[in-house]
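Trainee: Could you go through this one with me? I'd like to start with the charged pairs and then move on to the strands.

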Amino acid sequence: MEITNKLIYSYLDHLECGRCQREYDAGVPQGLCECGAPLLARYDLARVAAAVAPADFRDRPASLWRYHELLPVSKEESVVTFGEGMTPLLPMTEVGRQMGLPRLLMKDEGLLPTGSFKARGAAVGVSRARELGVRRIAMPTNGNAGAAWAVYAARAGIEALIAMPTDAPAITRAECAISGARLYLVDGLINDAGAMIAEAVRAQGYFDSSTLKEPYRLEGKKTMGLELFEQLGWRVPDVILYPTGGGVGLIGIHKALQECREMGWIGEKMPRLVSVQASGCAPIVRAWQNGDEVSQAWAEATTVAFGINVPKALGDFMILSALRATQGCAVAVDDEEILRAQARVGRLEGAFICPEGAACFAAAERLRQQGWIDEGEEVVVLNTGAGVKYPETVVVSVPTLSRGDTIPMP
Ligand SMILES: *Cc1c(COP(=O)(O)O)cnc(C)c1O
Ligand SMILES: [Zn+2]
């Protein structure tokens with residue numbers, strides 16, 4: 001009888017603390033390590049490498065589930081999906097030419113379900129939660145994560161409790177409402193909403209799905225890296241710019257790099273990872289400039305790029321260590337530069353990107369001007385969401401015509 005590894009859907013082995021390396025059972029729902037740090041999913045990579053080769057992925061469906069051996073869901077039947085993943089990697093020819101970056105690419109995460117890359121984390125996090133028997137989840141959010149988790153939870157038959165700041169993008173409220181989540185608006189920042197959720201988790205028996213408080217959202221976001229490497233023919237670019245709030249995407253890309261390198265799927269080269277923040281909320285940039293290993297909470301955080309308005313990230317030490325390990329850096333750009341970059345990318349490329357993604361274009365241009373990026377380097381910007389979710393970022397002034405008027409000459 002032939003027994004093949006190919007029948008195994010996931011090679012998840014155990015969970016490991018990102019700080020103290022203590023190990024945990026991955027077969028039951030888990031939160032943080034006893035030491036308070038996030039847990040990371042660990043796979044049997046030798047067996048993954050024996051079971052699949054990079055070339056095998058090409059013939060699989062164009063969704064993030066094509067990497068299921070490196071994801072935590074143990075059975076295909078457990079997958080909760082809207083067809084997420086395999087977002088386009090687009091040359092940004094004209095913007096790149098003007099910025100002196102002829103090899104500028106954008107991975108457009110705005111095409112994902114719910115219009116942001118939070119769908120990756122929600123698809124994997126919700127699928128695994130349901131597989132482990134979780135019936136009720138709770139989380140604070142700046143909008144996009146709550147929206148994504150609410151819709152995936154509804155599809156999974158899981159109850160969702162979401163708390164978001166009152167000034168989070170209005171559309172994300174509607175997404176929570178239409179999917180039947182219990183939604184609360186909080187007069188404060190995401191950290192204030194987080195404290196309320198932590199209390200509700202204790203008092204009302206929800207599973208805490210906050211950023212990095214459960215291990216599997218990170219695994220979903222890791223697929224952004226896997227897709228990027230596959231789209232480049234299993235190699236890495238020179239620089240990747242990522243708009244950093246809680247930092248899950250950046251930590252996830254770094255984890256994808258480490259796993260692929262260990263399996264020999266990519267060479268030894270590391271892309272330089274760049275953490276981009278808004279100057280109104282830049283705790284990672286400040287810590288990076290001070291050479292610190294953790295960040296300090298940012299007072300009175302504010303920016304139009306709502307998804308990165310995170311005063312203190314639980315995984316800050318992992319973000320900073322990923323920047324160091326890849327010889328990357330951290331850069332802050334102000335809201336004016338963000339909105340200018342957003343308008344420029346729309347005008348030159350027709351792409352309506354989110355302000356968080358726009359921050360990365362502004363940062364790329366700055367780093368090019370400073371010589372930190374060379375002209376010949378291949379640079380990837382992650383546009384983490386669709387601009388259509390942020391209509392208020394565009395000032396529209398158009399003439400109105402009355403019936404019978406003639407459209408004037410331009
Ligand atoms: C959440 C979010 C981010 C930041 O993601 P983190 O993983 O928390 O760093 C960036 N852009 C958008 C559009 C987001 O919704
Ligand atoms: Zn620990």
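Trainee: Which residue forms a salt bridge with arginine 103, and how far apart are the closest N and O atoms?
Mentor: Keeping in mind that this is a predicted model, the partner of arginine 103 is glutamate 378, and the closest N and O atoms of the salt bridge are 3.8 Å apart.

Trainee: Where do arginine 103 and glutamate 378 lie?
Mentor: Arginine 103 is in the loop between helix 2 (93-99) and strand 5 (104-108), while glutamate 378 is in the loop between helix 12 (355-369) and strand 13, so the pair ties together parts that are 275 residues apart in sequence.

Trainee: And glutamate 378, is that buried or exposed?
Mentor: Glutamate 378 is buried, because its relative accessible area is 7%, under the 20% cut-off. Arginine 103, with 38% relative accessibility, counts as partly exposed.

Trainee: How many salt bridges does the count come to?
Mentor: The count comes to 27 salt bridges. One of them has the side chains of glutamate 159 and arginine 136 meeting at 3.3 Å, N to O. Glutamate 159 belongs to strand 7 and arginine 136 to strand 6, so this pair ties together parts that are 23 residues apart in sequence. Glutamate 159 is partly exposed at 32% relative accessibility, and arginine 136 is partly exposed at 28%.

Trainee: Which residue does glutamate 337 form a salt bridge with?
Mentor: Glutamate 337 forms a salt bridge with arginine 366, with 3.3 Å between the closest N and O atoms. Here the link is between helices, since glutamate 337 lies in helix 11 (residues 335-349) and arginine 366 in helix 12, 29 residues apart in sequence. Glutamate 337 has 21% relative accessibility and counts as partly exposed, as does arginine 366 at 24%.

Trainee: Which residues do salt bridges that share partners join into one network?
Mentor: That network is made of Lys107, Glu109, Arg120 and Glu227.

Trainee: Switching to strands: how many residues of strand 5 are buried?
Mentor: Five of the five residues in strand 5 are buried, so the strand is described as mostly covered. Leu104, Met106 and Asp108 point one way from strand 5, whereas Leu105 and Lys107 point the other way, and all of them are buried. As a general point, side chains in a regular strand alternate between the two faces of the sheet.

Trainee: What does strand 5 pair with, and parallel or antiparallel?
Mentor: Strand 4 (residues 89-91) is joined to strand 5 by three bridges, and these two run antiparallel. In that pairing, leucine 89 has lysine 107 of strand 5 as its bridge partner. Strand 13 is joined to strand 5 by five bridges, and there the strands run parallel, with methionine 106 standing opposite valine 381 in strand 13.

Trainee: What about the open sheet, in which order do its four strands come?
Mentor: The order is 8-7-6-9, with parallel pairing. Strand 8 (182-186) and strand 9 (207-208) stand at the edges with a single partner strand each, so one side of each is left without a neighbour in the sheet.

Trainee: How many bridges join strand 7 to strand 8?
Mentor: Strand 7 (residues 159-165) is joined to strand 8 by five bridges, the two running parallel, and within this pairing leucine 161 has arginine 182 in strand 8 as its bridge partner.

Trainee: Which strands does helix 5 lie across?
Mentor: Helix 5 (residues 170-178) lies across strand 7 and strand 8, and runs at about 165° to strand 7. Helix 6 (residues 190-204) also packs on the sheet, where it touches strand 6 (136-140), strand 7, strand 8 and strand 9, with its direction at about 155° to that of strand 6.

Trainee: Where is methionine 270 found, and what does it touch?
Mentor: Methionine 270 is in the loop between helix 8 (248-262) and strand 11 (272-278). Leaving aside residues up to four places away in sequence, methionine 270 touches Val236, Leu257, Arg261 and Thr326. The C-alpha atoms of methionine 270 and alanine 325 are 8.8 Å apart, while the two residues are 55 apart in sequence.

Trainee: Last one, which residues form the nonpolar patch on the surface?
Mentor: The patch consists of Phe352, Val388, Val394, Val396 and Val398, which together have about 470 Å² of accessible area. Valine 398 lies in the segment after strand 13 (379-383), and counts as exposed because its relative accessibility is 60%.

Conventions:
Residues are numbered from 1 along each chain as its sequence is written. Chains are lettered from A and ligands numbered from 1 in the order in which they are written. This is a predicted model: local features need pLDDT of at least 70, side-chain atom pairs count only at pLDDT 80 or more; totals for chains, interfaces and linings use all residues. Side-chain values use heavy atoms; hydrogens and water are left out. Patches are made of residues with over 30% relative accessible area and no salt bridge: like charges are joined within 9 Å, nonpolar side chains (Val, Leu, Ile, Met, Phe, Trp, Tyr) within 5 Å. Accessible areas come from the Shrake-Rupley method with a 1.4 Å probe; for residues, only the protein chains shown count as cover. A salt bridge is a side-chain nitrogen of Lys or Arg within 4 Å of a carboxyl oxygen of Asp or Glu. Buried means under 20% relative accessible area, exposed over 50%, partly exposed in between (1.4 Å probe, protein chains only). Two strands pair if DSSP finds at least two bridges between them. Contact means heavy atoms within 4.5 Å. Axes are lines fitted to C-alpha atoms, for helices over the stretch in contact, and angles run from 0 to 180 degrees between N-to-C directions.
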